[in-house]
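These are my notebook entries on a single protein model. I record what I looked up, entry by entry.

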Amino acid sequence: MTYTSSLLRLLNERGYIHQTTDAEGLDALAAKQVVPGYIGFDATAPSLHIGSLVQIMMLRRLQQTGHKPIVLMGGGTTRIGDPTGRDESRKMLSDETIEANIKGIFSIFSRLLKFGDGPTDAVMVNNQDWLGQLGYIQVLQEVGTHFTVNRMLSFDSVKLRLEREQPMTFLEFNYMILQGYDFRHLSKDKGVRLQMGGSDQWGNIINGVELTRRMDSQEVFGVTTPLLTTADGAKMGKSVGGAVWLNEDQLPAYDFWQYWRNCDDRDVGKFLRLFTDLPLDEIARLETLEGAAINDAKVVLANEVTKLCRGEDAAVAAASTAQATFAGGGMGNDLPTIEVDAEGVRLAAACTALGFVASNGEAKRKIAEGAVRLDDEAVSDPALLITVPEGESRKLSLGKKKHGVIKRV
C-alpha cells in the first residue's frame, strides 16, 4: 500500500516492515499525531549485540519522523526469560546483575536517541516497576482470564519446546502474559499506541494488542521487522569469534568496524539502509559498485555504523588502523594488543590471548593450516616462543582479516 505518514514511508523504504496488525489504522494515526511507540529489551548481559541493532534503529526512525520512542527494559521479565527460540531455560540473574546490565545497555541508546522531557524525546522505563508490584491473585484475576491455554500452546515458543521434548517451566510459560501486560500498562500510563519488534515477537505483540483492547477498549498497533540474516544465511549478531557486541567494553571499536567492513557484498545495500542515516539515493549508488570498488562501499558502511554506535573518534581510529594494517603493512594503534615480559609467549597462546581463536587447540589447527604469520612471515610451530625486544612490538596475523600486536611490557 501507499503510506501517507512519514513514519511508515520511512520504515517501508528502508526495509524494516515485515508484519503490521493494522497498517491503514497506524498510518492514519501517525499522519495526524505523535505516536509513542516502544520496543522491549531484556537485560541478560551488560551490552546488546548487533542482533538488536535493527530494533534500536527502528526507535531512531520513530524519533526521526516526529514520534516518541520508549525503551522498555525488562527488569521484571529478565527474571523469567523469554522462551522464544530457546531450547533451555535462561539462567537466573541477581537483582544487582540486572541493574548493572541495564546501566551498561543504556549507553548505546544514549548515542542513537535523544532523551529528555519533550513530546518526542525518548524515555527509558523498567517493567520491574509495575510487574514487581503485581500480586499473584491479581494477575490471575485481571490478566489470566484473557489468555486461554489452548491459544498459548499454539505459539511457536511453546510448541517447539514440546516437540523437542525440552522442558518449559511454568515461570517461562507466563512470559507471554507479562509481555502482553507490559503493552497494556504502557498504553494506560504513557499513551503508547505502538509496539515494534522482531518477527519472532509477533505472537507476543498480538497478545498485547488483544489484551489492551479487551481490558481497556483501546486500539493499539504492532509492527515487526523481517528475520535478519546475512547473505549466507547466518543470523545477525554472531561472528566466528563470538557475539558482535555494541558496547566498547565487550568488543573493541576496531573489531566492531571490521565486522561491517568484512560483510558479504550482497549485504551492503541492505545494511546501509537499515543501519545508517545515509540518503537512499547515495545508498543506491554505493550498492551498484562492483569488483574491488564494492570495498569502498563497505568502508563507508563500517565508518557510518561505527560512528553511530561508538562515536566519530572511534570510527576514525578504526579506519586509520585498518589503513595502516592493510594498505601500509604496518600496525595501527587500534589493534588488539597483549603485553609480554622478557620471557615472551608461545605462538598458540598468543593467538588465543589476542582473541583470534577460542582455544589453544583451535590455534594449533590454524597454525598447521599455514594461516598464521608473525611480522608477515608464515610460522608453523605452535610452541614457537615469541620474544619481543624491550620497547618494541611485533605483529601477529591470522588470515587476511585478523591482526594483533604483541608488545613488550
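**Entry 1: terms and overall form.** Before placing any residue, I note that helices are DSSP runs (H or I) of at least four residues and strands are DSSP runs (E) of at least two, numbered from the N terminus. I also note that the model is predicted. By this definition I find 18 helices and 15 strands in the protein.

I then asked how the radius of gyration of the protein compares with that of a compact globule. For 409 residues the globule would have a value near 22 Å, and the protein has 24 Å, which agrees. Along the principal axes, the C-alpha atoms fill a box of roughly 75 × 50 × 40 Å.

Entry 2: I looked up the share of buried residues and found 48% of the 409 residues. The accessible surface comes to about 19,000 Å², and carbon and sulfur atoms hold 49% of it. Among contacts with a separation of 6 or more, 72% are made by residues 24 or more positions apart. I also looked up the charges: the protein has 45 positive and 53 negative ones, and their mean positions are 1 Å apart.

**Entry 3: Lys114.** Where is Lys114 found? I place Lys114 in the loop between helix H4 (95-112) and strand S4 (123-126). Its relative accessible area is 52%; residues over 50% are called exposed, so Lys114 is exposed. Leaving out residues up to four places away in sequence, I find that Lys114 touches Gln63, Asp121 and Ala122. I also looked up Lys114 against Ala324: the two are 210 residues apart in sequence, and their C-alpha atoms are 35 Å apart in space.

**Entry 4: Gln166.** I located Gln166 in the loop between helix H8 (156-163) and helix H9 (170-173). With a relative accessibility of 29%, Gln166 counts as partly exposed.

**Entry 5: Leu140.** I found Leu140 in helix H6, which covers residues 136-143. Its relative accessibility of 42% makes Leu140 partly exposed. From Leu140 to Gln55 I noted 85 residues in sequence and 31 Å in space, C-alpha to C-alpha.

**Entry 6: aromatic rings.** How many aromatic pairs does a search of the whole structure find? The search finds eight. I looked up the pair of Tyr259 and Trp260, which is edge-to-face, with 5.3 Å centre to centre and 90 degrees between the planes. Both Tyr259 and Trp260 are buried.

Trp260 also pairs with Phe271, again edge-to-face, at 5.6 Å centre to centre and 85 degrees between the planes. Why does this pair tie together parts that are 11 residues apart in sequence? The reason is that Trp260 lies in helix H12 (residues 253-261), whereas Phe271 lies in helix H13 (residues 268-275).

I then checked the cover over these two rings. Trp260 has 0% relative accessibility and therefore counts as buried. Phe271, at 1%, counts as buried as well. Finally, I noted that ring pairs link Phe256, Tyr259, Trp260, Phe271 and Phe275 into a cluster.

**Entry 7: Ser187.** Is Ser187 buried or exposed? Ser187 has a relative accessibility of 11%; since buried means under 20%, Ser187 counts as buried. Its place is in helix H10, residues 175-190. Not counting residues up to four places away in sequence, Ser187 touches Val192, Thr212, Gln218 and Val220.

**Entry 8: Ser217.** I found Ser217 in the loop between helix H11 (202-216) and strand S6 (221-225). Ser217 is exposed, with a relative accessible area of 68%. I recorded its backbone angle too: Ser217 has a positive phi of about 55 degrees, although it is not a glycine.

**Entry 9: Gly391.** At a relative accessible area of 73%, Gly391 is exposed. Gly391 and Lys407 are 16 residues apart in sequence, and I noted 7.9 Å between their C-alpha atoms.

How values were computed: Residues are numbered from 1 along each chain as its sequence is written. This is a predicted model: local features need pLDDT of at least 70, side-chain atom pairs count only at pLDDT 80 or more; totals for chains, interfaces and linings use all residues. Side-chain values use heavy atoms; hydrogens and water are left out. The radius of gyration is taken over C-alpha atoms; the globule rule is 2.2 Å times the number of residues to the power 0.38. Buried means under 20% relative accessible area, exposed over 50%, partly exposed in between (1.4 Å probe, protein chains only). Contact means heavy atoms within 4.5 Å. Accessible areas come from the Shrake-Rupley method with a 1.4 Å probe; for residues, only the protein chains shown count as cover. Lys and Arg count as positive and Asp and Glu as negative; His and the chain ends are not counted. The place of a charge is taken as NZ of Lys, CZ of Arg, CG of Asp or CD of Glu. Rings of Phe, Tyr and Trp (its six-membered ring) pair if their centres lie within 6.5 Å; planes under 30 degrees apart count as stacked, over 60 as edge-to-face and the rest as tilted.
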